[in-house]
Every structure is written in C-alpha cells, then in structure tokens.
Amino acid sequence: MLVNSATSYADCERYQFGFKARHSTGISTKSFKQTVDYYVNRGSHVFCSFIDFNEAFDSVNYWQLFSKLLDDNIDANVAGTLAYWYSNQQICVRWLDSTSNYFTIGNGTRQGSVLSPYLFCRYIRELLAELSCSGIGCNIGGMVVNVLAYADDLVLLALSWRALQQLLDILQRH
C-alpha cells in the first residue's frame, strides 16, 4: 500500500515521539504499556518487535532524502544548497595530538545538527505512514496502534505472529 495523502502523513506523525516538543521516551513507553495492557486485560496476546536502526543517521541516503524534500515542494534552492553541503562535506578524525587526512562522507545526516532530526523524520515518514495505514496490528477505539517510533527506535505491535511478520515485511521493503 502506497500512501500519498497529506492527511495520512499528518496522521503518521502521531507515532513519532522523538524530536518533538513536549514528547519523551516516557510518553512513548506509556503508550506502549497502555496498548499492551488493553489487550492483555482482555485475554489476548500482543506480539512485539523492538527495532533499533543501527547507525540510522549515518545510513540516510542523501539523494533519496533530497528527492523527498523536493516532493514536499521545498524550495529547490534550499534543497540544492543542502545537496551541495552534504555531497561536499569532508571530515577528519582528531585523537590526542594527531589528526587524520580529510575524507568525504557519502551518507548520513550530521548528528548534533539542528536540522538533522527534521531530515531524519522526513526520511522515514513514508515508512511510518505505510505501517500505520496498513491496518495490521493493534486497534484501540478505531485507531491503529502498530508502530511507535522514538527517533531511530521502533516498536511494532501486532495481535499474532503472522501480523507481526507482515509489519516486518513492510519494514524490510523500506
């Protein structure tokens, strides 16, 4: 299922708890616990998969990211400036009194940069939208609760191992 409506994207933002004002790991954890308790107290099981995108910020593909920004109608000059900065960035490693030669970085968003959280959230927005709009997983009061994200950590929730596998398959495609 491909998701392309602005409403669906806005809805998927409720599943991302990282990099947002007045949100925390505590709120994400509480949402998780309340969802599991809801089903367990009604005699059901909940299957979960905890996913940590290893070095997620370092694996962002620049050109996919900039294409997504252009799809959002970000000014082409802004996207072009970011593309230039990111494709021409060089770093070196300093340890004690030694400094390595400079080398180019091919992927990733700058950790610690003010812009990086926004860029990372934008990068995974379609993933969150496809998961949340799949209808697979837990449902409380008509709201699907099948993915909770905190920055680069995800929890997938489903009522059967097969449903959980379907969510993992969506994740794998992305």
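1. In α3, the buried residues are Tyr62, Leu65, Phe66, Lys68 and Leu69. Viewed along the axis of α3, these buried residues fall within an arc of 155 degrees, so they line one face of the helix. The model is a predicted one.

2. What do the buried residues of α3 pack against? Their partners are α4 and α5 (116–133). On the other side of α3, Trp63 and Asp71 are exposed.

3. Lys68, one of the buried residues of α3, has a side-chain partner in Glu126: the two side chains make a polar contact of 3.0 Å. Glu126 belongs to helix α5. Is Glu126 buried or exposed? Its relative accessibility is 18%, and buried means under 20%, so Glu126 counts as buried. The side chain of Glu126 also makes a polar contact with the side chain of Arg122, at 3.1 Å.

4. Just after α3, Asn73 takes a positive phi of about 65 degrees, and Asn73 is a residue other than glycine. Asn73 sits in the loop between α3 (62–71) and α4 (76–87). With a relative accessible area of 70%, Asn73 is exposed.

5. Leu96 is not a glycine either, and its phi is positive, at about 55 degrees. Where is Leu96 found? The loop between β3 (94–95) and β4 (98–99) holds Leu96. Although its side chain is that of a leucine, Leu96 is exposed, with a relative accessible area of 69%.

6. The second largest pocket has a volume of about 190 Å³. Its lining comprises 12 residues, of which Ser28, Thr29, Phe50, Tyr150 and Val155 lie nearest the centre of the pocket. By class, the lining residues of this pocket divide into seven nonpolar, three polar and two charged.

7. Which elements each supply at least two residues of the lining of the second largest pocket? They are α2 (25–40), β1 (47–52), β8 (147–150) and β9 (153–158). Among the contributors, α2 gives the most to this lining, with four residues.

Note on methods: Residues are numbered from 1 along each chain as its sequence is written. This is a predicted model: local features need pLDDT of at least 70, side-chain atom pairs count only at pLDDT 80 or more; totals for chains, interfaces and linings use all residues. Side-chain values use heavy atoms; hydrogens and water are left out. Buried means under 20% relative accessible area, exposed over 50%, partly exposed in between (1.4 Å probe, protein chains only). The arc is that of the directions from the helix axis to the C-beta atoms. Contact means heavy atoms within 4.5 Å. A polar contact is a pair of N or O atoms within 3.5 Å; within protein, one must be able to donate a hydrogen and the other to accept it, and residues adjacent in sequence count only if both atoms are side-chain atoms. On a 1 Å grid over the protein atoms alone, a cavity is a set of points where a 1.4 Å probe fits but cannot get out, and a pocket is an open set with protein on both sides within 12 Å along at least five of seven lines; lining residues have an atom within 4 Å of a point. Grid points are joined across faces, edges and corners, and a volume is the space filled by probe spheres set on the points. Ala, Val, Leu, Ile, Met, Phe, Trp, Tyr, Cys and Pro count as nonpolar, Asp, Glu, Lys and Arg as charged, and the others, Gly among them, as polar.
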